[in-house]
Amino acid sequence: MTNSVYIHIPFCANICTYCSFCKFFYNEKMVSDYLNSLEREILDTYKGETLQTLYIGGGTPSSLTLDELKRLFEILKVFKLSDTCEFTIEVNPENIDLDKLKLFKENKVNRLSMGVESTLKNNLEYLGRCHDFNLVKEKINLIKSVGITNINVDLIYALKNQSLKDLETDINNILSLDITHISTYSLMIEEHTKLYIKKETNISEELDYLMYNLIRNKLKEHGFNHYEVSNFSKTGYESKHNLVYWNNEHYYGFGLSASSYIKNVRKTNTSSFNDYLKGNYVKEKEILNEKDILSYALILGFRKITGINKQEFLDKYKVDILSLYNIKDLIKEKKLVNDLDNIYISYDKIYIENSILINFVGD
Ligand SMILES: C[S@@+](CC[C@H](N)C(=O)[O-])C[C@H]1O[C@@H](n2cnc3c(N)ncnc32)[C@H](O)[C@@H]1O
Ligand code: SF4
């Protein structure tokens with residue numbers, strides 16, 4: 001069953017220096033054409049399942065005007081939402097306001113994700129962000145005032161000239177917002193971004209590692225559960241939508257560059273605006289065999305700090321996880337921990353997680 005939907009809104013009012021996501025400068029005509037094509041794609045594909053999670057990401061969904069957002073919600077009316085559906089929208093501090101928030105609330109949005117990234121002026125300038133921490137505080141209070149209390153904030157660390165002290169200030173400021181979820185990302189200098197063109201480089205691995213430890217220790221001290229490599233939440237506020245990905249469950253992806261996983265097919269949509277408007281939605285299709293499905297299940301499942309439940313794995317895939325790849329060796333090497341119920345990456349090895357996950361790629 002497919003009970004989750006991701007929708008990509010590829011417009012931003014400002015383009016950040018580090019961002020390689022599929023996005024365009026906001027343009028009224030483009031938004032109108034895009035929403036028409038998005039509606040066609042959804043109507044052509046969605047089979048009427050009841051959704052447990054709906055996630056509108058970007059880009060910056062909140063860069064759309066109130067009328068454009070109303071049109072978006074009209075399109076979304078086709079989806080059947082379960083009573084407990086987690087419905088998330090990504091927003092940026094500078095373009096979210098009370099009218100948009102009231103519209104979200106009326107349309108059953110119950111979770112917001114805000115790109116805060118840093119709370120310090122020099123970092124925000126480096127990242128090309130156009131907000132400050134006062135605006136963030138104001139907008140978080142506004143969000144709470146309409147009754148949406150499940151709020152995620154994104155933080156980027158490992159920035160040029162950033163000290164551990166600076167990072168600690170960012171963490172303290174973010175904790176002061178009294179929110180339910182925090183996603184933290186080490187800065188990646190991606191091709192085709194302003195930082196890449198300016199030949200900016202990453203900080204040292206040693207400092208990056210210290211920063212990762214600072215984040216996880218501090219957030220844990222403040223009652224956040226570290227439940228995925230980059231994600232922390234108050235108990236009960238884990239992102240249900242992202243857990244669909246990590247649990248290798250099925251989901252629809254609509255919009256430019258969106259991915260979907262349904263039955264044994266993973267698809268990625270085109271990033272070409274013109275192709276998308278013409279209705280040529282899909283760019284790549286990967287048909288998975290049994291081995292591929294298991295490989296995805298391991299690579300995604302081990303991103304969770306509690307790893308993979310052995311019995312659930314057996315029930316779902318009809319195979320003993322301990323018989324796969326070199327899992328037994330990795331347990332002997334103490335890279336994986338095999339407890340009564342679960343297998344997971346040893347907590348002190350999470351930082352080198354990718355070097356462990358590579359064992360489960362291909363044959
Ligand atoms: C889809 S993006 C956009 C969300 C929203 N438009 C915003 O900017 O706040 C989600 C998050 O990915 C993270 N991110 C994007 N590019 C990154 C990069 N190059 N390195 C590290 N984190 C990145 C940022 O924290 C960002 O908020
Ligand atoms: S980080 Fe967010 S706001 Fe900035 S360019 Fe990327 S999608 Fe747009």
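Two strands count as paired if DSSP finds at least two bridges between them. Helices (H or I, at least four residues) and strands (E, at least two) are DSSP runs, numbered from the N terminus. This is a predicted model: local features need pLDDT of at least 70, side-chain atom pairs count only at pLDDT 80 or more, and totals for chains, interfaces and linings use all residues. Residues are numbered from 1 along each chain as its sequence is written, and side-chain values use heavy atoms, with hydrogens and water left out.

The open sheet has 9 strands in the order β9-β10-β8-β7-β6-β5-β4-β1-β11. Its pairing is mixed. At the edges stand β9 (225–228) and β11 (252–254), each pairing on one side only. From one strand to the next, the twist averages 20°. Axes are lines fitted to C-alpha atoms, for helices over the stretch in contact, and angles run from 0 to 180 degrees between N-to-C directions.

Asparagine 231 in β10 has serine 183 opposite. Here β8 and β10 (residues 231–233) pair in the antiparallel sense over 3 bridges. Asparagine 231 also stands opposite glutamate 228. β9 and β10 run antiparallel, joined by 3 bridges. They form a hairpin with 2 residues between them.

## Helix α1 on the sheet

Helix α1 (residues 28–45) packs on the sheet and touches β1 (4–9) and β11. Contact means heavy atoms within 4.5 Å. The direction of α1 makes about 155° with that of β11.

α1 has 18 residues. From its first C-alpha to its last it reaches 26 Å, close to the 26 Å expected at 1.5 Å a residue. The expected span is 1.5 Å times one less than the number of residues. Buried in α1 are Val31, Tyr34, Leu35, Ser37, Leu38, Glu41 and Ile42. Buried means under 20% relative accessible area, exposed over 50%, and partly exposed in between (1.4 Å probe, protein chains only). The cover over these residues includes β1, β2 (11–12), α2 (66–76), β11, β13 (265–269) and α10 (273–278).

## Helix α6 and its buried face

Helix α6 (residues 164–175) has 12 residues. It reaches 16 Å from first C-alpha to last, close to the 16 Å expected at 1.5 Å a residue. Its buried residues are Leu167, Asp170, Ile171, Ile174 and Leu175. Seen down the axis of α6, they fall within an arc of 130°, so they line one face of the helix. The arc is that of the directions from the helix axis to the C-beta atoms. An α-helix has 3.6 residues a turn, so residues three or four places apart point the same way.

The buried residues of α6 pack against α4 (121–127), β7 (150–157), β8 (181–186) and α8 (205–221).

## The three-stranded sheet

A sheet of 3 strands is open, with the order β15-β17-β16 and antiparallel pairing. β15 (308–309) and β16 (336–338) stand at its edges, each with a single partner strand, so one side of each has no neighbour in the sheet.

β15 and β17 (residues 342–345) run antiparallel, joined by 2 bridges. Isoleucine 308 stands opposite isoleucine 343 in β17.

## Cysteines

A search of the whole structure finds 0 disulfides. A disulfide here is a pair of cysteine sulfur atoms within 2.5 Å. Cysteine 130 is in no disulfide. The nearest cysteine sulfur is that of cysteine 16, 7.1 Å away. Cysteine 130 is partly exposed, with a relative accessible area of 40%. Cysteine 19 counts as buried, at 16% relative accessibility.

Notes: Chains are lettered from A and ligands numbered from 1 in the order in which they are written.
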